[in-house]
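Good morning, colleagues. Please look at the model on the screen while I speak about its charged side chains.

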Amino acid sequence: MPIALDPNQTFDYTLEDDRSLPDGERTVFHLRPLAAKQEARIADSLVAVTPGSDEMRMLSGTHTIEILRAGLVGWDNFLDAGGEPVKFEMTSGHPRTVRDQCLDRIASRYRTELANAITSRGDITGDELD
């Protein structure tokens, strides 16, 4: 039986590299699933075709950034190399999204892991139903 999702409900995510750390030392990212319209727009932008040629390009880097802009809504305990907290900032206006300067602070492999967590949130497992 399908379970209705709440696209405004956020969830916490800890990177795989941090999961063995004690709770107080882990970075926790606050994510939300993509709304249907966001997901469609982002999926539509994944492939670029050059008019008049047989060339097709996969824009996977852009795809990842767009997912993060829409689905990353905060973090706790994200520290810089000096141990200082990194401030999370959103753009003004509508829609509000995470600033690119914040995304620049996240290593590429972690951006990919976070984007995958955002897009897979719509897949509810049996464990989540209990």
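Predicted model: local features only at pLDDT ≥ 70, side-chain atom pairs only at ≥ 80, totals over all residues.

Residues are numbered from 1 along each chain as its sequence is written, and side-chain values use heavy atoms, with hydrogens and water left out.

How many salt bridges does a search of the whole structure find? The search gives four, a salt bridge being a side-chain nitrogen of Lys or Arg within 4 Å of a carboxyl oxygen of Asp or Glu.

One of them joins the side chains of D17 and R109, at 2.8 Å from N to O. D17 sits in the loop between β1 (11–13) and β2 (28–31) and R109 in helix α4 (residues 108–120), so the pair ties together parts 92 residues apart in sequence. Helices (H or I, at least four residues) and strands (E, at least two) are DSSP runs, numbered from the N terminus. D17 is partly exposed at 42% relative accessibility, whereas R109 is exposed at 55%. Here buried means under 20% relative accessible area, exposed over 50%, and partly exposed in between, with a 1.4 Å probe and protein chains only.

Next, D100 and R69 form a salt bridge, their closest N and O atoms being 2.8 Å apart. This pair links distant parts of the chain, with D100 in helix α3 (residues 100–103) and R69 in helix α2 (residues 60–71), 31 residues apart. E66, R69 and D100 are linked in a network of salt bridges.
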